[in-house]
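Subject: The structure for you to look at

Hi,

Here is the structure I said I would pass on.

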Amino acid sequence: MNKKTRNLLLLFLPFLGMILLNELFRPTISETRFRRKSITNESLTVINSADPLLGKCSWICHNSTNYCKTNHVKWATNYFQYTDPLYFGTIGLLHSTGNYGLANIFFFVVLFPAFLFFLIVRSIDMQGEINQLKQKNI
């Protein structure tokens, strides 16, 4: 497989997998779906419910972090002193941009995955170079 094909697969397969998983589980959701405003202020029906569910996270967890921490977080409770500043600091940073939804998409759907993609591709390329150097020294 050439580098271009490999890189395109590495770029698109995670997004394709995420979309496929969302669409596969969409029919299994029996709760009332949550309606909210999109980043363009249009009304949007999302996949998950906003009902307070004890068995799984829903939009209530997005809208009320304390509900989620009380009812769903089990293993990280001892680490809230470390995770809360990072979590709430990130949310504050996104809100400070003036458009929370658009900033969220830019940082967590575009910028962060692009950075990870770059690191993965660079790591694979460097390993290929190391393997070539090893073969030359044999």
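This is a predicted model: local features need pLDDT of at least 70, side-chain atom pairs count only at pLDDT 80 or more; totals for chains, interfaces and linings use all residues.

Below is what I found, topic by topic.

Next, the charged side chains. Side chains of opposite charge can pair when their charged atoms come close. In this model the count is 5 salt bridges. One of them joins Lys 3 to Asp 125, with 3.9 Å from N to O. That pair ties together distant parts of the chain, since Lys 3 sits in helix α1 (residues 3–25) and Asp 125 in helix α5 (residues 100–136), 122 residues apart. Are the two partners buried or exposed? Lys 3 counts as exposed, because its relative accessibility is 52% and the cut-off is over 50%. Asp 125, on the other hand, is buried, because its relative accessible area of 17% falls under 20%. Arg 6 comes into the picture too: Lys 3, Arg 6 and Asp 125 are linked in a network of salt bridges.

Glu 23 pairs with Arg 26, and their closest N and O atoms are 2.9 Å apart. Here Glu 23 is partly exposed at 41% relative accessible area, and Arg 26 is partly exposed at 28%. The side chains of Glu 129 and Arg 122 also meet in a salt bridge, at 3.8 Å from N to O. Glu 129 is partly exposed, with a relative accessible area of 42%, and Arg 122 is partly exposed as well, at 35%.

The largest pocket holds about 890 Å³ of space. Which residues lie nearest its centre? They are Asn 22, Val 46, Trp 59, Ile 105 and Val 109, out of 24 residues that line the pocket. At least two lining residues come from each of α1, β1, β2 (43–49), α2 (59–63) and α5. Sorted by class, the pocket lining has 14 nonpolar, 6 polar and 4 charged residues.

There is also 1 cavity of 30 Å³ or more, and the volume of the largest cavity is about 30 Å³. Its lining consists of Ile 29, Glu 31, Asn 48, Ser 49, Leu 53, Lys 56, Cys 57 and Ser 58. Those divide into 3 nonpolar, 3 polar and 2 charged residues.

Last, the cysteines. How many disulfides does the model have? The count is 0. Take a look at Cys 61, which is in no disulfide although the sulfur of Cys 68, the nearest cysteine sulfur, is 3.3 Å away.

Cheers

Notes: Residues are numbered from 1 along each chain as its sequence is written. Side-chain values use heavy atoms; hydrogens and water are left out. A salt bridge is a side-chain nitrogen of Lys or Arg within 4 Å of a carboxyl oxygen of Asp or Glu. Helices (H or I, at least four residues) and strands (E, at least two) are DSSP runs, numbered from the N terminus. Buried means under 20% relative accessible area, exposed over 50%, partly exposed in between (1.4 Å probe, protein chains only). On a 1 Å grid over the protein atoms alone, a cavity is a set of points where a 1.4 Å probe fits but cannot get out, and a pocket is an open set with protein on both sides within 12 Å along at least five of seven lines; lining residues have an atom within 4 Å of a point. Grid points are joined across faces, edges and corners, and a volume is the space filled by probe spheres set on the points. Ala, Val, Leu, Ile, Met, Phe, Trp, Tyr, Cys and Pro count as nonpolar, Asp, Glu, Lys and Arg as charged, and the others, Gly among them, as polar. A disulfide is a pair of cysteine sulfur atoms within 2.5 Å.
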